[in-house]
Amino acid sequence: MILSRTGNNTLVLGNLITAAGFGTGAGIAMLYVICAVCMFLIGLIGFRVSSLRNLEKTISDYDEVTV
């Protein structure tokens, strides 16, 4: 088992597993940590792309309708 204290992968994933913990709910905690890191990286990548960062300036929110 990956998330046990005596598992074979304890040395490989040591610090990552320690952040998530051991026992019941440790798998969900590790999934939460991995998803949070991925969302943070996606946000950074989105901020680095200038066309995406300046989207509010280049595309208007609505079209004016003249009556």
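The pLDDT is the predictor's confidence in each residue, on a scale from 0 to 100. The structure is a predicted model, in which local features need a pLDDT of at least 70 and side-chain atom pairs count only at pLDDT 80 or more, while totals for chains, interfaces and linings use all residues. Residues are numbered from 1 along each chain as its sequence is written, and side-chain values use heavy atoms, with hydrogens and water left out.

The protein chain has a mean pLDDT of 76, with 67% of its residues reaching 70 or more. Four helices and zero strands are found in the protein chain, where helices (H or I, at least four residues) and strands (E, at least two) are DSSP runs numbered from the N terminus. Among these elements, the lowest mean pLDDT, 56, belongs to helix H1 (residues 14-20), and the highest, 89, to helix H2 (residues 26-48). Where pLDDT is low, the predicted coordinates should not be read in detail.

Helix H2 contains 23 residues and spans 33 Å from its first C-alpha to its last, close to the expected 33 Å at 1.5 Å a residue, the expected span being 1.5 Å times one less than the number of residues. Its buried residues are Ala26, Met30 and Gly46, where buried means under 20% relative accessible area, exposed over 50%, and partly exposed in between (1.4 Å probe, protein chains only). Of the 67 residues of the protein chain, 13% count as buried.

The accessible surface of the protein chain, from the Shrake-Rupley method with a 1.4 Å probe, comes to about 6000 Å², and 65% of this belongs to carbon and sulfur atoms.
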